[in-house]
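Let's take a walk through a protein model together, one stop at a time. Keep the 3D view open as you read.

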Amino acid sequence: MATTNGVRAVHTTDHTDETTPATHKGWRVVDIVVAAVLGVAIGLIFWGWNYVGGSLFATLDAATPGIGGLVVGVWLLGGVLGGLIIRKPGAAILVEVIAAIVSALIGNQWGWTTVISGLFQGLGAELIFLALLYRRFTLPVALAAGAAAGVGAWFNEFLLFGNRAKSAAFNSIYLGCLIVSGALLAGLVGWLLTKALAGTGALNRFASGRTSDDLV
Amino acid sequence: MTSAHVGLAPSQSPPTRLLDRLNPLTRVAIGLVMLVPLVITIDWLSAAIVLLGELLGVLLLGVKLPQLLRRLLPIFLVAPIGALSMALYGKPGGRVHLDWGVIVVSDQSLALAGAVLVRVFALALPAIALMGSLDPTDLADALAQILKLPARFVLGTLAGVRMVGLFVDDWRALGQARRARGLGDQGRLRRWASMAFGLLVQALRRGTSLATSMEARGFGGNQRTWARSSRLTGADAIAMLVTLLLAAGAVMAAIVFDTLWITG
Amino acid sequence: MITAESWGWRHAGRKAWAVRNLDLTIDPGERVLLLGASGSGKSTRLPALAGVLGSADEGESTGTMLVKGKHPTRQKGLVALVQQDPEAAVVLHRVGDDVAFGLENLQVPPDQIWPRVSESLEAVGLDVALNRPTSALSGGQKQRLALAGAIAMHAEVLLLDEPTANLDPEGIDEVRGAVGRLVADRRTTLIVVEHRVQVWADLVDRVVVLARDGGLLADGPPLEVFHRHRDALLEAGVWVPGAPLPVDGDGFVPRDHPTAPDSADFADPVARNHHERLLTTADLTIGRHAQHPVQRHLDLTIPAATSTVVTGPNGVGKSTLALTLAGLLEPLSGEVIAAPAIRPPAARRSLMRRVSPPHPITWRSRDLLTRIGTVFQQPEHQFVAATVADEIAVGLRALGTPTAEVTARTDELLEVLHLTRLARANPFTLSGGEKRRLSVGTVLATQPAVILLDEPTFGQDRNTWAELVRLVRASVDEGRAVVSVTHDQAYLSVLAQHRIALTGGPDRHDDEATTPGRAGAPR
Ligand SMILES: Nc1ncnc2c1ncn2[C@@H]1O[C@H](COP(=O)(O)OP(=O)(O)OP(=O)(O)O)[C@@H](O)[C@H]1O
Ligand SMILES: Nc1ncnc2c1ncn2[C@@H]1O[C@H](COP(=O)(O)OP(=O)(O)OP(=O)(O)O)[C@@H](O)[C@H]1O
Ligand SMILES: [Mg+2]
Ligand SMILES: [Mg+2]
């Protein structure tokens with residue numbers, strides 16, 4: 001084969017039966033591309049929410065301590081959705097981080113730190129999927145992943161963004177709000193969205209896209 | 001397709017601005033280095049030094065001021081938010097101006113609020129100014145060739161991101177289709193929501209068939225050659241050096257003038 | 001080179017096998033034309049050969065299919081594939097990078113890449129700058145780009161799925177020429193799928209016809225196959241060269257340009273005659289962006305009870321014209337005027353905008369349904385439902401049609417369009433030809449007075465083509481105006497009663513010095 005297309009033939013030295021399909025462990029190309037598409041789409045949602053959620057956050061924050069955390073859930077959607085749809089190790093982190101990069105690039109008040117936040121938030125969700133060995137993707141799992149993403153967000157802001165300079169009362173109320181918001185706005189919404197997407201057939205190359213065993 | 005092209009990688013446009021001579025990776029790195037003083041301190045002095053330095057730097061690199069201000073506009077709208085929260089809930093210190101239970105406005109919380117305000121701009125500026133005009137293909141080349149990130153992931157992501165460039169056209173086509181099919185009379189909000197969902201579905205479908213096309217062109221492994229080589233040059237070194245100096249200077253200034261306030 | 005032994009594939013979620021019991025051997029250097037009815041599994045087979053059909057998650061396979069003795073998934077790069085939908089084949093943002101993509105993956109040394117890129121672009125006649133954004137290419141140009149990407153790989157096997165479906169006659173010649181030059185040295189094995197046999201009949205040395213229920217219907221040298229199996233092939237819907245068209249041309253003679261004035265008293269479409277002008281344009285300039293008008297000063301008429309065809313080279317603005325006439329795209333200047341008979345009541349106002357009855361662009365979406373129906377060039381753009389049956393029913397439901405009637409009308413259309421067995425399938429999982437028929441069905445369902453069809457027959461076998469032509473004729477006989485944008489010569493020969501020929505190159509947009517595009521009636 002090397003002769004016609006000038007290809008340096010790369011032969012791996014596996015001695016498996018060459019007439020069987022090549023097996024791929026881990027990420028397929030379609031997983032990567034779809035993760036990117038999801039990430040960018042969610043990044044656009046973030047961008048919209050940076051204004052809507054951002055001003056809600058401000059209003060709540062001015063009136064109450066830490067209750068602003070209730071609107072944060074939308075920014076946690078990427079991790080939950082990535083994990084639920086792609087079902088591969090690292091998917092939650094990848095999707096949330098791509099979304100954060102898009103949000104930062106379009107221009108927001110947090111600049112590159114958005115990406116760090118994305119990392120923490122994605123990691124939160126990821127840990128839940130990891131704990132279940134990427135085998136279960138039910139509603140409770142989604143809720144837990146959303147809540148965990150909220151905890152990730154809390155740690156991030158506590159460690160790196162000056163919340164350590166805020167009072168303990170603020171921080172504990174804030175944590176509670178993040179968990180509730182994450183579970184609902186990211187967990188529940190993410191789960192519903194996954195179901196809706198599966199219904200359209202757009203996920204038919206994914207296990208998450210099989211809605212039923214009903215053949216047509 | 002004449003001989004003029006042979007052997008040459010196509011470049012987008014000859015670099016007219018200094019900025020376009022920098023490797024995309026350098027542009028990202030500058031933004032990241034600038035984070036360091038902003039994250040380890042929350043004082044107004046270091047933030048102000050970083051902001052001024054950044055502003056000067058990007059103008060020198062050839063970014064136009066009006067353009068920059070336009071893109072920073074949203075930040076002017078949201079920056080006061082963070083500051084307000086800090087003024088109300090920042091750890092109290094010094095003279096107390098207002099004490100309503102959890103809300104305590106004090107000298108220290110006001111100083112922190114001022115720092116937060118400057119900080120927001122210092123944070124947002126590099127991402128907006130340096131990355132705005134960046135070509136994703138060039139960034140992907142740099143990530144894979146210089147940072148040696150796995151090519152599968154870098155290019156798979158790049159291809160997925162490209163789908164989004166089609167969103168504007170897709171949105172229009174989707175609107176036309178819904179109108180043609182008798183679904184265009186819904187209220188604006190409902191139509192918007194259902195079109196946004198439709199757009200996502202369409203992007204996922206495209207992504208799926210795109211993955212197939214990529215594999216049909218031999219994509220899949222991490223070993224490949226690169227038609228466009230991505231290199232770091234002297235310009236990148238100089239830019240990085242200046243950035244490091246600026247970051248270090250900001251921290252030093254904060255220490256020297258004793259405004260340093262390391263978090264925690 | 002390629003051997004298949006009782007190979008089969010069933011897509012996940014489907015009851016029926018897309019391909020079954022396939023036994024086939026193809027030798028190196030052979031040139032094969034793969035034929036079969038729409039939906040017979042041609043487009044399933046090619047990705048399988050290229051090793052990109054997908055894993056067990058995506059379907060089930062039986063038997064074996066080997067390329068050079070190995071499973072296709074272990075032979076990537078040996079086989080180059082151009083998929084049916086050129087839109088899906090574009091990977092990168094710039095034309096040059098996109099062609100180079102395959103070469104990089106094959107680890108071609110960088111200094112050889114750019115010469116090979118230029119060479120392949122030249123071979124397919126795509127003469128644009130290397131840094132031209134791929135999104136700015138017209139449908140026909142994208143098809144050439146996809147082919148260039150495959151050619152550049154210098155693969156041993158070249159698989160083409162309907163490579164000329166969207167091209168104008170000139171483009172077909174160019175693509176065929178490019179492929180012909182590529183395989184001239186007999187080192188490349190070629191497998192091409194195309195309904196229009198004529199284009200490739202001289203180039204290939206073997207014709208393989210897939211049977212609907214799996215297996216092969218015929219296999220052999222073109223002349224022999226077409227001669228010996230003629231009747232069986234015609235029955236299966238293959239376009240056998242030299243066979244007469246499956247519909248007769250009687251009663252569909254070209255008509256005179258209508259001259260009679262508009263008449264307002266034909267409320268019932270059946271009563272319309274071809275002297276009534278349902279749509280007229282006045283000094284119309286069209287384009288997708290104000291800076292890029294594609295056609296200027298168009299004064300056209302769309303007569304009732306007549307089949308109008310729109311022809312012209314790729315990128316000339318045919319689809320743009322269709323969208324503008326359909327009330328979906330705002331004219332850049334001038335106007336599209338609807339005849340009084342089809343205007344919606346003026347009293348109805350929507351909240352957002354004022355309805356101006358003579359101008360379709362201002363109508364409400366629901367008013368369009370029974371007045372002007374549009375089939376888009378890309379069928380996917382038009383799908384809004386989750387099943388084939390729902391897709392047809394959407395418009396009827398929007399009109400508030402009683403459920404029983406919706407079901408009856410839907411079933412009837414599915415039957416005529418050969419889609420009954422796919423009624424519950426997702427529209428997006430259909431084969432290329434099936435999607436096309438479904439999109440035509442969605443418009444016919446609501447029986448609009450004016451029907452605009454953008455390339456209604458691409459990807460159709462001879463039988464489904466005949467059904468479509470019959471449907472169009474029936475609509476015309478009922479008094480509707482049918483406007484078809486088409487490159488299909490056979491379609492033109494039986495349906496060109498009134499002809500609008502657009503001229504002018506695609507790249508003369510904002511160039512005031514050259515003559516703007518003109519429309520005329522050559523007959
Ligand atoms: N992704 C998919 N999921 C489920 N079914 C599919 C999918 N793709 C194709 N099919 C079904 O498999 C059958 C064969 O489709 P295929 O696209 O191979 O036909 P084809 O011979 O290329 O037809 P055409 O000439 O119309 O393009 C069809 O019934 C189609 O509906
Ligand atoms: N979505 C779009 N955005 C901008 N320009 C476009 C778009 N679609 C088409 N064009 C440009 O408008 C011109 C007319 O395009 P149009 O699709 O109407 O051509 P066409 O005659 O239908 O061609 P084809 O036979 O290839 O379908 C082309 O030059 C094309 O490049
Ligand atoms: Mg096909
Ligand atoms: Mg067109």
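Start in chain C, where C:Arg196 lies over the face of C:Trp239, at 4.3 Å from the ring centre. A charge sits over a ring if NZ of Lys or CZ of Arg is within 6 Å of the ring centre and within 35 degrees of the ring normal. Chain B has such a case too: the charged end of B:Arg224 is over the ring of B:Trp226, 4.7 Å from the centre.

A quick word on the ground rules. This is a predicted model, where local features need pLDDT of at least 70 and side-chain atom pairs count only at pLDDT 80 or more, while totals for chains, interfaces and linings use all residues. Residues are numbered from 1 along each chain as its sequence is written, chains are lettered from A and ligands numbered from 1 in the order in which they are written, and side-chain values use heavy atoms, with hydrogens and water left out.

Now for rings that meet rings. Rings of Phe, Tyr and Trp (its six-membered ring) pair if their centres lie within 6.5 Å; planes under 30 degrees apart count as stacked, over 60 as edge-to-face and the rest as tilted. That rule gives 10 aromatic pairs over all chains. Take C:Phe383 and C:Phe428: their ring centres are 5.6 Å apart and their planes are at 90°, so this pair is edge-to-face. C:Phe383 is also buried, at 7% relative accessibility (buried means under 20% relative accessible area, exposed over 50%, partly exposed in between, with a 1.4 Å probe and protein chains only). Over in chain A, A:Trp154, A:Phe155 and A:Phe158 make up one aromatic cluster.

Back in chain C, look for an open sheet of 3 strands in the order β2-β1-β4, with antiparallel pairing. Its edge strands, β2 (19-26) and β4 (59-67) of chain C, each pair on one side only. Helices (H or I, at least four residues) and strands (E, at least two) are DSSP runs, numbered from the N terminus, and two strands pair if DSSP finds at least two bridges between them. Strand β1 (residues 2-11) of chain C is joined to β2(C) by 5 bridges, and C:Ala4 stands opposite C:Leu24 in β2(C).

Last stop: B:Gln202, in helix α8 (residues 188-216) of chain B. B:Gln202 is buried, with a relative accessible area of 14%. Leaving aside residues up to four places away in sequence, B:Gln202 touches B:Asp170, B:Leu174 and C:His381, where contact means heavy atoms within 4.5 Å.
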